Protein chains: 2
Amino acid sequence: MAERRSWWGWGLEGQGPSRPQQEAIATGLAARFGREVTVADPARLEDLELPPPRIQAPESLAPLCSTGTYERAGHSYGRSYRDVVRGFRGQFDHPPDVVAFPADEAELASLLEWASDADVAVVPYGGGSSVVGGVECPADGHAGVLTVDLGRMDGLVELDRTSRAARIQAGILGPALEDRLRPHGLTLRHFPQSFEFSSLGGWLATRSGGHYATARTHIDDFVESMRVLTPAGAVESRRLPGSGAGPSPDRLFLGSEGILGVITEAWIRLQDRPRFRSSAAVRFERYSDAVAATRAVVQAGLQPANCRLLDEAEAASSAGSGGGVNLLVLGFESADHPVGGPMDRALEICAGHSGSAPDGVRSSGPEDGGGAQREGSVGAWRNAFIRAPYTRDALVAMAVIVETFETACTWDRFADLHAGVTQAVEKALVDICGGGLVTCRFTHVYPDGPAPYFSVLAPGRRGSEISQWDEIKAAASEAVMSNGGTITHHHAVGRDHRPWYDHQRPELFAEALRAAKAALDPAGVMNPGVLVEPRG
Amino acid sequence: MAERRSWWGWGLEGQGPSRPQQEAIATGLAARFGREVTVADPARLEDLELPPPRIQAPESLAPLCSTGTYERAGHSYGRSYRDVVRGFRGQFDHPPDVVAFPADEAELASLLEWASDADVAVVPYGGGSSVVGGVECPADGHAGVLTVDLGRMDGLVELDRTSRAARIQAGILGPALEDRLRPHGLTLRHFPQSFEFSSLGGWLATRSGGHYATARTHIDDFVESMRVLTPAGAVESRRLPGSGAGPSPDRLFLGSEGILGVITEAWIRLQDRPRFRSSAAVRFERYSDAVAATRAVVQAGLQPANCRLLDEAEAASSAGSGGGVNLLVLGFESADHPVGGPMDRALEICAGHSGSAPDGVRSSGPEDGGGAQREGSVGAWRNAFIRAPYTRDALVAMAVIVETFETACTWDRFADLHAGVTQAVEKALVDICGGGLVTCRFTHVYPDGPAPYFSVLAPGRRGSEISQWDEIKAAASEAVMSNGGTITHHHAVGRDHRPWYDHQRPELFAEALRAAKAALDPAGVMNPGVLVEPRG
């Protein structure tokens with residue numbers, strides 16, 4: 001059973017911190033919070049008593065389907081904090097009745113046909129890493145719920161080296177995708193924190209945020225064409241580098257979160273692997289200087305691949321700055337040419353805003369053999385980054401509240417948004433948890449505004465963690481929205497963001513989307529509860 | 001009457017070549033084509049006999065409306081070749097019954113309400129520069145046609161210098177827009193050939209192609225948010241630098257060509273005015289080398305602002321190369337830093353593909369006072385570029401067929417597309433006109449493919465020019481489509497591209513778009529015949 005996916009938490013079973021490591025973390029947190037922190041044990045699979053399946057797949061589809069406890073429990077939730085807490089407790093009130101694993105589009109079409117005919121809700125499932133309730137099963141309104149796991153549709157179908165693009169099936173996970181591209185010297189370079197256990201189809205359905213901090217920030221920008229299987233049939237756009245022929249068909253399905261159909265494959269734009277790199281960490285005493293410098297760098301058109309501004313709290317907690325300093329982490333990269341020029345200019349701009357880089361610039365290129373070495377170092381950071389969810393799960397065992405939320409806003413509103421959100425969350429943490437920490441970094445930056453990403457850490461009350469977090473999240477979301485932010489820059493809407501999304505998106509756009517859904521999903525079975533309610 | 005817009009041709013009355021200049025052009029073309037070329041006179045406004053208006057605006061709206069011959073004739077067509085030929089002949093079979101000029105959204109809403117109630121087709125009209133029949137009046141199916149000219153809604157409403165963005169009304173034309181931004185040191189830098197007589201709203205509704213040859217090629221990329229007045233009400237998206245909250249509302253309206261509603265204003269991302277420039281013309285003997293070099297430059301991530309590859313025929317006809325050479329015109333620009341580095345690297349790449357730049361590189365920056373001078377030279381080129389439609393109209397008077405078409409395709413398909421399209425059009429020209437010229441240049445270039453733009457020049461038969469061009473266009477479009485291109489990269493679909501667009505866009509996407517249209521335009525009056533037929 002080694003290498004089996006955890007049915008309640010992140011990633012693979014047995015990959016998180018060991019029990020002694022957990023105890024050490026608990027001791028550290030107890031000192032930090034000034035209260036006792038204990039480590040509990042997760043529920044056991046064999047103790048779970050799931051409600052019996054309400055539906056049964058037709059005989060012809062039975063071989064693709066499972067009603068086993070491990071599969072149903074494992075596909076009940078995404079991997080947000082509230083998901084993992086429920087999984088840890090063994091609380092599975094509304095698991096999918098059936099989990100299907102189609103191997104190809106014909107099998108998928110049969111599943112959608114059955115679901116439409118039998119009023120079975122369909123939840124498309126890629127890697128299962130949603131943090132917004134995107135793969136959670138609706139409690140009622142349908143005869144039952146069928147979760148469709150795309151994991152078997154994971155091939156690289158075609159590769160065009162000349163145009164640097166590949167046709168790839170939606171169910172492929174990040175590492176397998178990069179493994180298939182590596183022999184061709186190509187990469188997608190899409191590294192969300194969920195990289196190891198999120199899929200191409202999931203990235204497309206949720207408009208995932210990727211590797212590049214500037215310019216091409218979302219997976220959207222890398223789509224040449226898509227193929228989507230809807231209950232009404234297949235939709236396939238023409239493979240094109242650019243077009244102006246009517247509203248973009250792809251843009252209707254990018255971010256559609258499974259409510260219109262299942263993305264089955266896409267032609268994706270690829271990159272040559274970077275050979276030149278340059279990185280630096282710039283320190284600022286005042287946050288306002290750091291923000292102004294970041295804005296100036298991106299408005300100068302420099303397009304760093306990495307442009308991560310950590311506020312004082314974030315620099316202390318995640319970069320060990322020792323406090324009193326805001327940190328702008330800059331990185332440039334290229335497969336073709338040295339990137340020292342833009343880095344020098346960026347540092348010059350930062351210096352004009354009282355920013356200094358005491359550790360200097362680390363550059364590497366193929367000629368000094370530094371490429372591989374830097375890849376190693378970047379790889380090490382990336383590994384730590386993508387292993388963070390395991391640590392998060394360990395904190396769940398300690399009843400610690402640990403979650404993130406993110407937004408984007410225009411520069412003119414950012415100072416108020418940062419202050420307003422920080423204040424609102426700090427107040428909520430005091431009121432609800434007796435204290436805690438909220439920190440902020442930029443994940444992506446645009447000429448007209450940043451995408452701030454907030455992290456929260458607080459002592460929870462065992463058994464009440466979810467309602468505690470829900471209150472904190474509501475306070476945070478109110479502050480984000482009233483300060484002109486988006487309810488999500490790259491985490492999607494799902495079911496959890498609905499109240500604020502419903503406020504954000506124009507009502508008549510929702511009406512148009514409902515109408516489009518009614519045309520493509522006449523039975524209204526696709527991922528109900530996400531984005532919009534079907535027409536009554 | 002000076003400065004009045006021409007009711008049959010491009011731009012302002014009396015701005016084209018003089019009669020002696022026209023006679024000189026005719027003599028030159030006669031020698032080129034080996035046949036007589038004569039100059040005819042356009043129809044006279046006072047001789048036009050338009051069908052009487054079939055509808056009458058309600059009294060309350062009458063002050064906004066005109067039924068004058070000048071207004072109705074002038075709003076009958078866009079400014080494609082077939083439009084100008086018909087205007088020149090005085091052929092106005094289906095003019096709008098009424099032309100309205102709302103001054104604000106309340107007036108516009110009243111017009112849409114009347115139209116929806118009275119089954120009057122509404123044609124939104126910005127600058128009237130469509131080359132695809134986008135503003136042409138449907139012949140039947142409605143009680144009448146109301147063309148809504150947005151020209152009075154042309155204000156700059158709000159400007160955010162920090163985020164470099166402005167809220168601008170849709171009816172503003174290119175030059176007025178730049179005039180309003182100049183005092184703030186900002187520019188949109190969107191210069192389609194129609195710049196002088198096309199509007200922001202028109203650019204948005206048609207996904208216009210702009211100044212930048214790479215990266216941010218369409219107006220789409222500069223939209224922070226939009227406001228659209230539909231018959232069902234207003235749709236306004238939130239102003240954001242980026243978002244991942246569901247399918248993008250703006251992307252439904254970008255390219256919607258007036259079928260969902262009227263774009264009334266948008267928050268648009270702006271640029272600082274460039275101060276550093278570098279340009280060069282690289283010569284290649286073999287076209288395949290030139291194409292490979294262009295691909296390598298853009299795949300290297302260099303992002304030139306100008307990257308125009310002229311094939312041999314185009315280099316001879318529009319750059320006076322003398323023949324035997326393909327020309328890649330490269331330009332880099334920045335408001336912040338010198339651009340010699342990327343230019344040097346681009347030339348190095350070109351040299352690796354047997355390209356040479358015998359005239360060297362022309363660079364300028366603020367320190368050598370060259371900024372203004374280069375702006376002057378670039379300005380001169382731009383003036384010639386945007387005055388070209390006047391010359392086109394003079395050729396119409398000579399019964400010469402002169403038109404362009406454009407597409408985009410992935411690199412792996414380009415060689416076949418270029419050969420196939422050139423061959424198909426050359427054959428059509430011989431068959432239909434006894435000869436003529438077809439040339440190709442790239443207007444925009446992507447890492448995964450170019451956007452080729454073809455120009456056609458041939459002797460027409462007076463009275464048959466339109467059917468002759470329609471045959472040539474059909475042959476060209478068939479070749480574009482069968483070689484994997486898009487029917488339009490930035491000229492839009494309108495009514496003229498419908499047969500090929502209907503083939504290109506996935507049928508179920510059209511179904512979704514029809515459904516969205518039915519939700520926003522329940523009476524089905526918005527720009528009928530464009531993009532999709534309303535639901536029956």
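This is a predicted model: local features need pLDDT of at least 70, side-chain atom pairs count only at pLDDT 80 or more; totals for chains, interfaces and linings use all residues.
**Entry 1**

I started with how the copies relate. Chain A can be laid on chain B with an RMSD of 0.0 Å, using a turn of 180° and a shift of 0.0 Å along the axis. The two copies are thus related as by a two-fold rotation axis. I also checked whether the surface is shared, and 100% of the contact residues of chain A recur in chain B, so the same surface serves both copies.

Next I looked up the contact itself. I found 77 residues of chain A in contact with 77 residues of chain B. Which helix gives the most to the side of chain A that touches chain B? That is helix 15 of chain A, residues 507-520, with ten residues. By class, I noted 33 nonpolar, 29 polar and 15 charged residues on the side of chain A that touches chain B.

**Entry 1: helix 15 against helix 15**

Helix 15 clearly needed its own page. The axes of helix 15 of chain A and helix 15 of chain B come within 8 Å and cross at roughly 140°. That makes helix 15 of chain A oblique to helix 15 of chain B, since an angle has to be over 145 degrees to count as roughly antiparallel. I have the crossing of these two helices down as right-handed.

I then listed who touches whom. On the chain A helix I wrote down A:Leu508, A:Glu511, A:Ala512, A:Ala515, A:Ala516, A:Ala518, A:Ala519 and A:Leu520. On the chain B helix the list reads B:Leu508, B:Glu511, B:Ala512, B:Ala515, B:Ala516, B:Ala518, B:Ala519 and B:Leu520.

I moved on to a pair inside chain A. Helix 12 (residues 411-433) and helix 13 (residues 465-482) of chain A have their axes 8 Å apart and pack at an angle of about 160°. Helix 12 and helix 13 of chain A are therefore roughly antiparallel to each other. Helix 12 of chain A passes helix 13 of chain A in a right-handed crossing.

For the contact, helix 12 of chain A brings A:Gly420, A:Val421, A:Ala424, A:Val425, A:Ala428, A:Leu429, A:Ile432 and A:Cys433. Helix 13 of chain A meets them with A:Gln468, A:Glu471, A:Ile472, A:Ala475, A:Ala476, A:Glu478, A:Ala479 and A:Val480. I count that contact by class as twelve nonpolar, two polar and two charged residues.

Helix 12 and helix 13 of chain B pack at about 160°, with axes 8 Å apart, and their crossing is right-handed. The contact residues there include B:Gly420 and B:Ala424 of helix 12 and B:Ala475 and B:Ala479 of helix 13. They divide into twelve nonpolar, two polar and two charged.

**Entry 2: domains of chain A**

Last, the domains. The assignment for chain A gives domain 1 as 42-152, domain 2 as 156-272 and domain 3 as 276-364. How far apart are the centres of domain 2 and domain 3 of chain A? I get 30 Å, taken over C-alpha atoms. Seven residues of domain 2 of chain A are in contact with eight residues of domain 3 of chain A. On the domain 2 side of that contact I noted three nonpolar residues, three polar and one charged.

Technical notes:
Residues are numbered from 1 along each chain as its sequence is written. Chains are lettered from A and ligands numbered from 1 in the order in which they are written. Axes are lines fitted to C-alpha atoms, for helices over the stretch in contact, and angles run from 0 to 180 degrees between N-to-C directions. Helices (H or I, at least four residues) and strands (E, at least two) are DSSP runs, numbered from the N terminus. Angles under 35 degrees count as roughly parallel, over 145 as roughly antiparallel, 65 to 115 as roughly perpendicular and the rest as oblique. A crossing is left-handed if the near helix is turned anticlockwise from the far one by less than a right angle, and right-handed if clockwise. Two residues are in contact if their C-beta atoms, placed from the backbone, lie within 7 Å. Ala, Val, Leu, Ile, Met, Phe, Trp, Tyr, Cys and Pro count as nonpolar, Asp, Glu, Lys and Arg as charged, and the others, Gly among them, as polar. Copies are superposed by least squares on the C-alpha atoms of residues with pLDDT of at least 70 in both. Domain bounds come from an automatic or database domain assignment.
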